[in-house]
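Please look over the model shown here before reading the notes on helix packing, ligand surroundings and backbone geometry.

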Amino acid sequence: MISEALARVAASRTTAMTDRAMELRAAGHDIISLSVGEPDFATPPHVIAAAKAALDAGDTKYTAVPGTQRLREAAALHFQRDLGITVPPSQVIVSAGGKQAIFHALLATLNAGDEVLIPAPWWVSYPEIVRFAGADVVAMPTDAAGGFRITAAQLEAAITPKTRWLLLNSPGNPTGATYPAEELRGIGEVLRRHPQVLVMSDDIYAPLRYTPGTHATLAVECPDLAERVLTVSGVSKSHAMTGFRIGVSAGPLWLISAMARLQSHSSGNPASISQAAAVAAFEGPQDFLLDWRERFRARRDLCVAALNAIPGLYTPVPDGAFYCMVDAGPLMARFGDDEALCLHLLEHGVAVVAASAFGGGAGFRISFAADDARLEEALRRIAKALT
Ligand SMILES: Cc1ncc(COP(=O)(O)O)c(C=O)c1O
């Protein structure tokens, strides 16, 4: 018998779709998966070399629970250089992916009956972690016309005395929505009136932005609020290191200490080899990112043009990350719901994820982190399946 807490949690539907695609592939079908959220690029060679060197050096033992001093310093450098956040290494925690940091931060602070505000469509794990913690999810709907971003007025209307967290994700998964500095300052003004609200700023996709200009983040735009902002980052998406399982977070000391206390009883320290590799990722050359970003941008433009040319589909241009959130409302009369539409696409050889899995409306998310030829073929198949 599973616990009441786990009974409140649904399995990840992105994983379910990937598993189904794998089954069909194993049965001999040619399936192109646009359902998974990881870059198709190889991990940079200097990162691989650092992992090998760590193994050879016998760097295979427990480390400090919140991460090695070396990596916490490298992460502090990353927060400063890439996000503009000045933070001492003592206010940085290293965890097994950004996911674990989010899990620990919420579990460490939420009580039954607390409310957590989540802009929808959302990253699949946010609401499930909140429910596991016994708190209530308060969805804040957004739409393509509004750039999939919440407004300050919407936030003000949603906050109650029970609100404990606001989860912000910029650039966002699954929409690519990216908050400009002035909108963050507007959100900050509202937050100043509600000191009980903590903010998770999930900036894990910050290096993958396509609009020129510097990335805006709440801890920088509203420094007076930094004491209640946890900024989550990592190497999974930016450095194609999803399998290494390293995330880094910066925040107030009390929260970082609380997360470390929980981490000490869950996973303990993040993998020592992965930590050495992440030091190389943060301290090594970053110029490959320019090339990756350009290639992602070209794929994004290809996807947006091809999808918007299919009658019944509409996708706005995402500002960051590597996803398109596609509205397929006009096709619902034909398919019934977006799950049925996604199964239809799977039969035509393309795996995508239904928008409803992300708390969104009728449609689907595609990940354009796939190689160019496969992406072009997938777009042809989608067009054929729907016209
Ligand atoms: C918005 C967002 N946050 C956090 C994560 C967690 O990343 P990881 O645990 O792989 O570092 C992901 C991964 O898909 C994500 O999309």
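The points below take up these topics in turn.

This is a predicted model, in which local features need pLDDT of at least 70 and side-chain atom pairs count only at pLDDT 80 or more, while totals for chains, interfaces and linings use all residues. Residues are numbered from 1 along each chain as its sequence is written, and side-chain values use heavy atoms, with hydrogens and water left out.

**Helix packing**

- Helices (H or I, at least four residues) and strands (E, at least two) are DSSP runs, numbered from the N terminus; axes are lines fitted to C-alpha atoms, for helices over the stretch in contact, with angles from 0 to 180 degrees between N-to-C directions.
- The axes of helix H4 (residues 69-83) and helix H11 (residues 272-283) come within 9 Å and cross at roughly 30 degrees, which makes H4 roughly parallel to H11 (angles under 35 degrees count as roughly parallel, over 145 as roughly antiparallel, 65 to 115 as roughly perpendicular and the rest as oblique).
- In the contact (heavy atoms within 4.5 Å), Arg 70, Leu 71, Ala 74, Ala 75, Leu 77, His 78 and Arg 81 of H4 meet Gln 275, Ala 278, Val 279, Phe 282 and Glu 283 of H11.
- The residues of this contact of H4 with H11 comprise seven nonpolar, two polar and three charged.
- For helix H5 (residues 97-109) and helix H6 (residues 125-132), the axes come within 9 Å and cross at roughly 35 degrees.
- Lys 99, Ile 102, Phe 103, Leu 106 and Leu 107 in H5 meet Ser 125, Tyr 126, Ile 129, Val 130 and Phe 132 in H6, and the residues of that contact divide into eight nonpolar, one polar and one charged.

**Ligand surroundings**

- A backbone N or O atom of Lys 99 lies 2.9 Å from an oxygen atom of the ligand, and a polar side-chain atom of Asn 173 lies 2.8 Å from an oxygen atom of the ligand.
- For Trp 123, an N or O atom in the side chain is 3.5 Å from an oxygen atom of the ligand.

**Backbone geometry**

- A cis peptide bond, with omega about 0 degrees, joins Ala 120 and Pro 121, and Pro 121 is placed in the loop between strand E3 (115-120) and H6.
- The peptide bond from Ser 170 to Pro 171 is cis, with omega near -10 degrees, and Pro 171 lies in the loop between strand E5 (163-169) and helix H8 (181-192).
- Although Phe 148 is not a glycine, this residue has a positive phi of about 55 degrees.

How values were computed. Nonpolar A, V, L, I, M, F, W, Y, C, P; charged D, E, K, R; others polar. Polar contact = N/O pair within 3.5 Å; in protein donor to acceptor, adjacent residues only side chain to side chain.
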